[in-house]
Amino acid sequence: MTTRAIVNIGELITNDPTVGDETLLGRLSNAAMVVNDQRVLWVGPGDQVPDADEQFDADGGAVIPGFVDSHTHLVFAGERSSEFEARMRGERYDGGGIGRTVAATREANRGVLHEATLRRVRELRASGVTTMEIKSGYDLTVDGEARLVSVAREFSDEVTFLGAHSLAPEYVNDRGRYLELVTGPMLDACARDARWIDVFCDRGAFDVDEARHVLEAGLRADLELRLHGNQLGDTGGVALAVELDAASVDHCTFVNDADLEALSNSNTVATLLPGAEFFTQSPYPSMRRFLDAGVTVALATDCNPGSSYVTSMPLILMLAMREMGATFDEALWAATCGGAQALRRDDIGHLSVGARADFCVLNAPRAVHLAYRPGGMVVERVFSAPH
Ligand code: NIG
Ligand code: FE
């Protein structure tokens with residue numbers, strides 16, 4: 001395998017607290033790194049770099065681990081910009097627009113869906129994302145959801161079955177039968193291509209008992225658990241996620257102190273999605289409050305057409321700092337290592353020796369430029385180990 005030395009790195013963020021300045025981010029100045037196609041082989045001072053087959057000159061720029069975006073809904077057709085305009089006029093978000101995307105997605109053929117997803121994947125990659133979770137949930141029929149997970153599978157190993165995103169329009173008056181479909185034939189049709197199962201457990205979506213029923217069916221089909229919770233109200237999703245040892249509970253916009261206490265004593269990550277608050281004019285959860293309570297936090301885009309059409313992880317970092325009380329280091333950690341923990345992965349989100357060679361070279365001397373120059377094109381090159 002070819003080896004490559006990345007030389008002349010102004011600031012290397014390893015996320016390994018045993019190296020460099022021994023902070024959360026394990027920073028090394030004037031550093032170098034050697035990788036092969038798959039793995040990080042060496043990190044250290046620039047003047048001690050071992051020989052390699054090839055060299056890449058970072059030109060004094062910073063290098064960070066690739067972002068791990070642990071929450072996206074990338075497979076959909078159509079758009080809902082008129083809802084966005086209504087949100088900006090002050091109309092509240094209640095998840096009710098999901099049906100519009102379901103109708104458009106059902107109409108689209110596989111080629112169209114594949115193309116639309118590819119475009120979003122490329123945008124995320126250009127923003128520095130090297131691993132992305134992708135959910136189904138915009139078809140809500142057996143064959144349709146199977147089609148969405150199989151399109152998602154073309155782009156990611158981290159695919160989530162989200163048949164319980166909303167009640168399918170055919171079942172609005174028969175919740176019980178829809179849940180039987182989701183936990184029976186739909187789950188059977190989707191389990192092969194999915195690693196995860198998720199439920200939108202919230203006001204106007206599925207309640208805690210329904211969500212438990214769906215997740216327990218997922219467990220029986222060997223899927224692992226994640227959950228949309230506490231986005232629209234303090235509705236019990238966080239407690240359920242902890243009870244079932246879900247890898248992550250996502251949104252957490254409205255949480256109480258008992259939720260934070262439970263999270264801090266669990267293996268469940270709180271994934272905050274500030275794109276959704278930004279987009280729906282909802283209050284931001286305080287990331288400071290989560291961190292001070294000892295909760296492990298991830299940050300993700302929640303890229304979807306209704307509540308967060310965001311394909312930029314740097315924007316998410318900016319929001320976490322500007323609106324949620326995080327330091328840059330805490331935000332960057334949450335968007336890399338935090339995302340990895342939310343996917344129960346230890347091979348990504350950091351650049352220790354042995355980690356996957358997924359990293360970004362910035363055209364700025366310090367990683368903080370990602371947030372310091374909002375809307376700027378700070379990510380210069382994205383390197384990603386082939387899957
Ligand atoms: O994560 N909360 C539920 N699902 C998505 C939004 C879905 C939509 O409005 O299309 C979310 O915000
Ligand atoms: Fe979501």
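Which residues line the second largest cavity? Let me read them out. They are P65, G66, V68, T130, T131, D347, I348, G349, H350, R356 and D358. Keep in mind that this is a predicted model.

By class, that lining splits into 3 nonpolar, 5 polar and 3 charged residues. The space inside comes to about 40 Å³.

Now, where does this cavity sit? The chain is assigned two domains: domain 1 is 4-65 + 350-383, and domain 2 is 67-342. Both domains give residues to the lining of the second largest cavity, so this cavity lies between them.

On to the domain contact. The centres of domain 1 and domain 2, taken over C-alpha atoms, are 30 Å apart. Domain 1 brings 19 residues to the contact, and domain 2 brings 18. Together the two domains bury about 1400 Å² between them. Of that area, 74% is on carbon and sulfur atoms. On the domain 1 side, L24, L370 and A371 lose the most area to domain 2. Those three together make up 29% of what that side buries.

What about charges and polar groups? Between the domains we count 1 salt bridge. R27 forms a salt bridge with D329, with the closest N and O atoms 2.9 Å apart. There are also 3 residue pairs in polar contact between domain 1 and domain 2.

Last, the other cavity. The structure holds 2 cavities of 30 Å³ or more.

Definitions and conventions: Residues are numbered from 1 along each chain as its sequence is written. Chains are lettered from A and ligands numbered from 1 in the order in which they are written. This is a predicted model: local features need pLDDT of at least 70, side-chain atom pairs count only at pLDDT 80 or more; totals for chains, interfaces and linings use all residues. Side-chain values use heavy atoms; hydrogens and water are left out. On a 1 Å grid over the protein atoms alone, a cavity is a set of points where a 1.4 Å probe fits but cannot get out, and a pocket is an open set with protein on both sides within 12 Å along at least five of seven lines; lining residues have an atom within 4 Å of a point. Grid points are joined across faces, edges and corners, and a volume is the space filled by probe spheres set on the points. Ala, Val, Leu, Ile, Met, Phe, Trp, Tyr, Cys and Pro count as nonpolar, Asp, Glu, Lys and Arg as charged, and the others, Gly among them, as polar. Domain bounds come from an automatic or database domain assignment. Contact means heavy atoms within 4.5 Å. Buried area is the accessible area (1.4 Å probe) that two parts lose on being put together, summed over both. A salt bridge is a side-chain nitrogen of Lys or Arg within 4 Å of a carboxyl oxygen of Asp or Glu. A polar contact is a pair of N or O atoms within 3.5 Å; within protein, one must be able to donate a hydrogen and the other to accept it, and residues adjacent in sequence count only if both atoms are side-chain atoms.
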